[in-house]
Structures are given as structure tokens and as C-alpha cells.
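Me: I have a structure open and would like to go through it step by step. Could you help me read it?

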Amino acid sequence: MTYVVTENCIKCKHQDCVLVCPVDCFYEGPNMLVIDPDECIDCALCEPECPVEAIWSDDELPQEEIPFIEINEKGAEKYRDANIVDQQEPMAHKSPYNTAEAIKVVQID
Ligand code: SF4
Ligand code: SF4
């Protein structure tokens, strides 16, 4: 089991979540944050912190958010150098990215 960042994060990226993670397992991509599933200890602290309900346990994910399991796995590898432990400037609301774009971003290269 792990926690997963999903589509709502693409549009806001407030980053309240990173402040509570005891193992600092959030990584920053160009359009959203991801959680490294190997580092996440399933403490659930981040889930209520997210103001847009973007964080889910992988065993409770709505069907349409299933692709984000892979996006978080691959993104955590791809953005290895972008570990995020402090809140930063949020992205502009209504980012042009959507789920398909997020999949493309983490799978290219
Ligand atoms: S709190 Fe974290 S998961 Fe939620 S939208 Fe902001 S950056 Fe994404
Ligand atoms: S569930 Fe806990 S360990 Fe996993 S990302 Fe959230 S705060 Fe970090």
C-alpha cells in the first residue's frame, strides 16, 4: 500500500502535504507533485492536509485515478533530484496539463 497524488494536484499544487510527511517522500515534477511508493510509510498524515483532495490511498483510488499509481512511481524515479520538503510558490491555477499530459510527461525520456 502507498499514498498517491492524483489529478487535482495538477491544477493547484498548494504543497501543504510536504510539510507533514515524516519521511520526505514527495518529489516535484513540472506540473504536480508525486509520492515515492517505496519511501511512503502509509502514515496518512498528508491526506487531510491537501485542500483539493488530491491524495488517496492506492487501495481506495477512484477508477479514473488509477493511472496515477504509475505516474507517481515513474515520476518519483524521474524527478529524483527534485525532492521537496518545504512549501514553495504554488503553480498557477488551471494548469494546461491534464491526466493524459501527466502520463506523457513521466513516460517520455
Ligand atoms: S497539497 Fe500536495 S497533493 Fe495537494 S494539491 Fe497541493 S501539492 Fe498537490
Ligand atoms: S502517507 Fe505519510 S509517508 Fe506517505 S506520503 Fe503521506 S505523509 Fe508521507
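**Overall fold and contacts**

Reply: Of the contacts in the protein between residues at least 6 apart in sequence, 84% join residues at least 24 apart; two residues are in contact if their C-beta atoms, placed from the backbone, lie within 7 Å. This is a predicted model, in which local features need pLDDT of at least 70 and side-chain atom pairs count only at pLDDT 80 or more, while totals for chains, interfaces and linings use all residues. Residues are numbered from 1 along each chain as its sequence is written, and chains are lettered from A and ligands numbered from 1 in the order in which they are written.

Me: How many helices and strands does the protein have?
Reply: The protein has 3 helices and 4 strands, and from the N terminus on the elements run β-α-β-β-β-α-α. Helices (H or I, at least four residues) and strands (E, at least two) are DSSP runs, numbered from the N terminus.

Me: What share of the 109 residues is buried?
Reply: Buried residues make up 31% of the 109. A residue is buried if 20 or more other C-beta atoms lie within 10 Å of its own, exposed if 12 or fewer, and partly exposed in between, with C-beta atoms placed from the backbone.

Me: Which residues have the most contacts inside the largest nonpolar core?
Reply: They are Val5, Cys17, Phe26, Leu33, Val34, Ile35 and Ile55, in a core of 24 residues. Strand S1 (3-5), helix H1 (8-11), strand S2 (26-28), S3 and H2 each supply at least two residues of this core. A nonpolar core here is a set of buried Ala, Val, Leu, Ile, Met, Phe, Trp, Tyr and Cys residues joined through C-beta atoms within 7 Å.

Me: And what is Phe26 in contact with, leaving aside neighbours within four places in sequence?
Reply: Phe26 is in contact with Cys17, Val18, Cys21, Leu33, Ile35 and Ile84.

Me: Turning to H2, which of its residues are buried?
Reply: Phe68, Ile71, Asn72, Gly75 and Ala76 are the buried residues of H2. They lie on the same side of H2, because they cover an arc of only 120 degrees around the axis; the arc is that of the directions from the helix axis to the C-beta atoms. An α-helix has 3.6 residues a turn, so residues three or four places apart point the same way.

Me: Now the ligands. Which residues come nearest to ligand 1?
Reply: Cys9, His14, Cys17, Cys50 and Ala54 come nearest, out of 14 residues around ligand 1. A residue is near a molecule or strand if its C-beta atom, placed from the backbone, lies within 6 Å of it. The shell around ligand 1 divides into 9 nonpolar, 3 polar and 2 charged residues. Ala, Val, Leu, Ile, Met, Phe, Trp, Tyr, Cys and Pro count as nonpolar, Asp, Glu, Lys and Arg as charged, and the others, Gly among them, as polar.

Me: And which are closest to ligand 2?
Reply: Of the 13 residues that surround ligand 2, the closest are Tyr3, Cys21, Cys40, Cys43 and Cys46. By class, this shell has 12 nonpolar, no polar and 1 charged residues.

Me: One last topic: what is the phi of Asp42?
Reply: Asp42 has a positive phi of about 60 degrees although it is not a glycine. Asp42 is placed in the loop between S3 and S4 and counts as exposed, with 12 C-beta neighbours inside 10 Å. Asp24 also has a positive phi, of about 50 degrees, and its place is in the loop between H1 and S2. Asp24 is partly exposed, with 13 other C-beta atoms within 10 Å.
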